Amino acid sequence: MRILVTGGAGFIGSHLCKKLVDNRHDVLCVDNYFTGSKDNIVHLLANPLFEAMRHDVTFPLYVEVDRIFNLACPASPIHYQFDPVQTTKTSVHGAINMLGLAKRVKARILQASTSEVYGDPEVHPQTEAYWGRVNPIGPRACYDEGKRCAETLFFDYYRQHRLEIKVARIFNTYGPRMLPDDGRVVSNFVMQALRGQDITIYGDGTQTRSFCYIDDLVDGLLKLMDSPAEITGPVNLGNPVEFTMRELAEMTLKLTGSRSKLVFLPLPQDDPRQRQPDIAFARASLGWAPTIPLEEGLKRTIAYFRSVL
Ligand SMILES: NC(=O)c1ccc[n+]([C@@H]2O[C@H](COP(=O)([O-])OP(=O)(O)OC[C@H]3O[C@@H](n4cnc5c(N)ncnc54)[C@H](O)[C@@H]3O)[C@@H](O)[C@H]2O)c1
């Protein structure tokens, strides 16, 4: 199949492209290299099944493809808050352009949505039926509301134009090729530990997150894309095993052998206290569940960041 991956030079996109090429698909990676890089896809460039194109998804794109994975969007607060208007445009105009393309060429299309659509949730763990609690005017809104609007567009194209859509709500994912200084908690802790700097924990360290290793996530995205047409999602994809930030910091110290100290800073505005996916729907509809425990994934991620340093 001819498969378009937008945001294909990013963290998740580059792993997805690799897996698709390994599965003998013809892959077109489209990226404006805002947070992605050619380093992430350099190992694919010599492969005739792989093609990279510099393009910004806020502009229309005309290509012949059978499937589209729409991943283009900066994902870490540092990057999506750098130019918030562009972030909303990327999610909303990007979705409109990719859905328009899917309609024209009758392609099946998958949206990389996010657990951020649940905002700071009152329901725990979050099921897909929960509508979320997002501050529409806060600093995270450009990302959260942009992704919510993209979901709306996907479901309107589904209802109005009978497009084959798939919506994945991705929870915290980590692994090799994350940006070292993107402010996300796993990369932050690992880089600080490897550099021997203080490990900065926001709040008292009791807030929790659940972390999904990249290989598990890519497996979930592929299963969702290949699922029967009636499965549109939204489907939560993430690892339901929860850790406190303090536990993550301590595991990072143990695995890196670092002597860094833990320091505590005030919580940023609108930071969710707790986030955990309910993946019952993914288990039942896709037969998917994560298999790689945090300690194992963290070891592989630490090895990657060591090589970067
Ligand atoms: N990593 C996570 O934990 C996580 C969680 C939830 C959702 N997601 C979603 O998954 C997708 C990929 O995330 P990631 O972690 O790989 O982030 P990333 O920043 O590494 O990848 C995003 C890619 O999109 C590209 N991009 C940004 N704006 C673009 C534009 N206007 N046109 C073309 N390309 C553009 C970037 O250059 C980058 O290569 C994003 O849509 C993100 O919202 C990720």
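**Figure 1. Helix 3 and helix 4 in the predicted model.** In this predicted model, the axes of helix 3 (residues 84-105) and helix 4 come within 8 Å of each other and cross at roughly 15°. Helix 4 spans residues 141-161. Because angles under 35 degrees count as roughly parallel, helix 3 and helix 4 are roughly parallel to each other. The crossing of helix 3 with helix 4 is right-handed. From helix 3, the residues in contact are Pro84, Thr87, Thr88, Ser91, Val92, Ala95, Ile96, Leu99, Gly100 and Lys103. They meet Cys142, Tyr143, Gly146, Lys147, Cys149, Ala150, Leu153, Phe154, Tyr157 and His161 of helix 4. By class, this contact between helix 3 and helix 4 comprises twelve nonpolar, six polar and two charged residues.

**Figure 2. Surroundings of the ligand.** The ligand is surrounded by 31 residues. Asp31, Thr35, Tyr143, Lys147 and Arg184 are the closest of these. Tyr143 and Lys147 also belong to the helix 4 side of the contact with helix 3. A polar side-chain atom of Thr35 lies 2.6 Å from a ligand oxygen atom. For Gly36, a polar backbone atom is 2.9 Å from an oxygen atom of the ligand. A polar backbone atom of Thr173 is 2.8 Å from an oxygen atom of the ligand.

**Figure 3. Helix 5 against helix 9.** The axes of helix 5 (residues 185-195) and helix 9 (residues 294-308) come within 10 Å and cross at roughly 60°. That angle makes helix 5 oblique to helix 9. The crossing of helix 5 and helix 9 is right-handed. On the helix 5 side, the contact involves Val186, Ser187, Val190, Met191 and Leu194. On the helix 9 side, the partners are Leu298, Thr301, Ile302, Phe305 and Arg306. The residues of this contact of helix 5 with helix 9 comprise seven nonpolar, two polar and one charged.

**Figure 4. Helix 5 against helix 7.** Helix 5 also has an axis that comes within 10 Å of the axis of helix 7 (residues 245-256), and the two cross at roughly 40°. Helix 5 is therefore oblique to helix 7. Helix 5 and helix 7 pass each other in a right-handed crossing. Helix 5 contributes Val185, Val186, Phe189, Val190, Ala193 and Leu194 to the contact, while helix 7 contributes Met245, Leu248, Ala249, Thr252 and Thr256.

**Figure 5. Backbone geometry at Tyr33, Pro125 and Pro234.** Tyr33 has a positive phi of about 60°, although this residue is not a glycine. Tyr33 is located in the loop between strand 2 (26-31) and strand 3 (50-54). The peptide bond from His124 to Pro125 is cis, and its omega is near -10°. Pro125 belongs to the loop that lies between strand 5 (108-114) and helix 4 (141-161). A cis peptide bond also runs from Gly233 to Pro234, with omega near 0°. Pro234 is placed in the loop between helix 6 (214-226) and strand 11 (235-237).

Technical notes: Residues are numbered from 1 along each chain as its sequence is written. This is a predicted model: local features need pLDDT of at least 70, side-chain atom pairs count only at pLDDT 80 or more; totals for chains, interfaces and linings use all residues. Side-chain values use heavy atoms; hydrogens and water are left out. Axes are lines fitted to C-alpha atoms, for helices over the stretch in contact, and angles run from 0 to 180 degrees between N-to-C directions. Helices (H or I, at least four residues) and strands (E, at least two) are DSSP runs, numbered from the N terminus. Angles under 35 degrees count as roughly parallel, over 145 as roughly antiparallel, 65 to 115 as roughly perpendicular and the rest as oblique. A crossing is left-handed if the near helix is turned anticlockwise from the far one by less than a right angle, and right-handed if clockwise. Contact means heavy atoms within 4.5 Å. Ala, Val, Leu, Ile, Met, Phe, Trp, Tyr, Cys and Pro count as nonpolar, Asp, Glu, Lys and Arg as charged, and the others, Gly among them, as polar. A residue is near a molecule or strand if one of its heavy atoms lies within 4 Å of it. A polar contact is a pair of N or O atoms within 3.5 Å; within protein, one must be able to donate a hydrogen and the other to accept it, and residues adjacent in sequence count only if both atoms are side-chain atoms.
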